[in-house]
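Dear colleague,

Please find the structure below, handed over for your records. My notes on what was found in it follow.

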Amino acid sequence: MAPAKRYVLLVTVTGILSAALIIAQCFLISHAISPVIDGSAGLSDALPFVGILALVILGRMLVTWVQESFGHRAALATIATLRRKVLDRAGELGPRWLASRTSSITTFAIRGLEDLEPYFVKYLPQLLLTATVTPVSLLVVLLLDIPSALIIVFCIPIIPVFMILIGKMTESTSKKKLVAMESLGDQVLDLIAGLPTLKALGREQGPKKRVRKLGEQYTKTTMESLRIAFLSGSVLEFLATLSTALVAVEVGFRMVYGHLDLTTGLIIIMLTPELFKPLREVGSQYHASTDGLAAAEEAIDIIETPVPERGTEPAPSVSASPIVLRDVTVEAEGRGILAPAHLSATIEPGLITALAGFSGAGKSTTVSVILGLHEPTGGSVSIDGIPLDTIDPASWWEQISWVPQRPVIVPGTVADNVGTRDMEAARLTGFDAVLETLPQGWDTPVGQGGVGLSLGQRQRLALTRAFAEHRPMLVLDEPTAHLDALSEARILETVKAAKQRGQTVLVIAHRESLLEIADRVIQVESTDVSEELVK
């Protein structure tokens, strides 16, 4: 991704600058104080070095600021890009794929990807500094004093070995933390969405025990990650300090016996901890990288999930084309049944067609197959003789308005959710009466999922949105579920009005009232896979 590539390039350049500034700082300090200590120069002679040293320190501060500020920007840009790609791919894969996931794509996209920020801001810069500062500093030490360089070369591999050992422990903990976070997020989102209903039924205390248990699990895994992070930081700090001490002792003895001059010794002593610092920081920040990498791996897995091949043929007009289902069969994953099983039917244009059958027979799955959101296990769907799998989905979907049993209502105003202030559509659905009761009419704010509206009002809002789209086909999934008699009667009138407008109406129906107004009723049935094998 472009933001990440630009940031890696920036960190590489700033890493080279950091290496040069660190080496310059060590040389300047040594050349400033060594002559003063051995008496070969006075304090006034050190002032030019001090002035240049101040500029070098300011340069290091500027480089660090650039790294961190651009790191935050790159992290946010990369997270936004990944989030968009994940959500786009989830939409392309369809509702069946979403239902097959053990965790919510919403929780992962909102919270899980945020773990990439510490990876970009903390871990990645230190990793790139390890590849620049450490080898350049080691080369300088080698040119100044070979014995000191050999000790450093001996000590350097110890830190990566412990990093690997600690990293293996951290990796499994990070994955458990991600799973716990997603599970807790799903539960909390479901609880918030259903809280008004639970409150009305006096059952709001029911999920408390489950949410508390998930919270404790998340706290436990988070503390495990933090404990390992602190321990790893302490271990790596000790190893780096011990390595620096070995070099300092060796340099000190050689200076005492006159085998190494003061200026060179001070440079080596000051440069050694700077040489080990990136390695130490990489180890201490490794827990941040594992959280970020766990999220990135899951995002990449989602993005790389293959999308079923789509057709390219333009869809015929549904206003004049029958939809024909021939022996359509779908195997329900994990249930051991075919739902629907060998369904053959025709949906005629301009009529109300109802899908009937017991719960779990495959009515919603049939609608998903007709919409092109789910591939049938067997059989085929065609529109005016053209197979659905050869039709461009976009040209097919632009002719259909779909109102699911739980319509999508996003935070905003009523007008935002309908997309227009179409009073004619509101009149046909009875939503005009609802608008009169709302305090601000079209500008009345609503919450996530329609909080602030009753179930009947939400259904009418969704129907108004569908009517305002003026598309040839209207698909309704149990539109009268959970409604009172008055709201149900109004929805039935709306369905009839859709037919009068010339729309093809496909409705999933359980109630007799919906079946009675249908021009044709299609019975959807299921069967066990075992029975099918016997046949």
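In these notes, a residue is buried when its relative accessible area is under 20%, exposed when over 50%, and partly exposed in between (1.4 Å probe, protein chains only). Helices (H or I, at least four residues) and strands (E, at least two) are DSSP runs, numbered from the N terminus.

The model is predicted, so local features need pLDDT of at least 70 and side-chain atom pairs count only at pLDDT 80 or more, whereas totals for chains, interfaces and linings use all residues. Residues are numbered from 1 along each chain as its sequence is written, and side-chain values use heavy atoms, with hydrogens and water left out.

The protein has 535 residues, 47% of which count as buried, and it contains 19 helices and 14 strands.

Helix 11 spans residues 363-371 and is mostly covered, with eight of its nine residues buried. These are Lys363, Thr365, Thr366, Val367, Ser368, Val369, Ile370 and Leu371. Just after helix 11, Gly372 adopts a positive phi of about 80°.

Helix 5 (116-144) and helix 6 (146-155) each supply at least two of the patch residues, and the largest share, three residues, comes from helix 5. Leu142 lies in helix 5; it counts as partly exposed because its relative accessibility is 40%.
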